[in-house]
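Biologist: I am new to this structure and would like to go through it with you step by step. Could we begin once it is on the screen?

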Amino acid sequence: MVRGISIEAYERHIESGKQLTQWQKIYAFLEEHRPLTRSELSERVGIRLSSVCGRVNELLQAGLIEEYERRRCSVTKEPAHPVGLTQRELF
């Protein structure tokens with residue numbers, strides 16, 4: 001169950017226009033770098049992990065990025081799925 005305060009905070013976040021900016025930062029970073037875990041993205045892009053996780057989930061649902069095979073994260077030292085741009089064939 002999602003708490004009411006979380007929904008209110010998310011709605012304020014969308015209204016602020018920060019969501020698109022965070023999407024853009026994450027997507028642009030992934031365009032220039034190999035697939036990264038959410039923790040690695042958070043550290044390198046300078047966005048809180050909770051925000052990175054939310055934006056990554058939205059980008060995954062939109063089909064703009066995809067998860068890759070698990071590997072050891074350089075930040076947490078734990079196995080994690082890196083994410084990167086969707087590998088689409090161009091015709």
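Predicted model: local features only at pLDDT ≥ 70, side-chain atom pairs only at ≥ 80, totals over all residues.

Biologist: Is Ile 26 buried or exposed?

Modeller: Residues are numbered from 1 along each chain as its sequence is written, and side-chain values use heavy atoms, with hydrogens and water left out. Buried means under 20% relative accessible area, exposed over 50%, and partly exposed in between, with a 1.4 Å probe and protein chains only. Because its relative accessible area is 0%, Ile 26 is buried.

Biologist: Which residues is Ile 26 in contact with, leaving aside its neighbours within four places in sequence?

Modeller: Ile 26 lies in helix H2, where helices (H or I, at least four residues) and strands (E, at least two) are DSSP runs numbered from the N terminus. Contact means heavy atoms within 4.5 Å, and Arg 55, 29 residues away in sequence, has its C-alpha 8.0 Å from that of Ile 26. With neighbours within four places left aside, the contacts of Ile 26 are Leu 41, Ile 47, Val 52, Arg 55, Val 56 and Leu 59.

Biologist: Which residue forms a salt bridge with Glu 40?

Modeller: A salt bridge is a side-chain nitrogen of Lys or Arg within 4 Å of a carboxyl oxygen of Asp or Glu, and by this rule the count comes to three. Glu 40 is buried, with a relative accessible area of 0%. In its salt bridge the closest N and O atoms are 2.6 Å apart, and the partner is Arg 71.

Biologist: How many residues apart in sequence are the parts tied together by Glu 67 and Arg 38?

Modeller: Glu 67 forms a salt bridge with Arg 38, with the closest N and O atoms 2.8 Å apart. Since Glu 67 lies in strand S1 (residues 65–67) and Arg 38 in helix H3, the parts that the pair ties together are separated in sequence by 29 residues.
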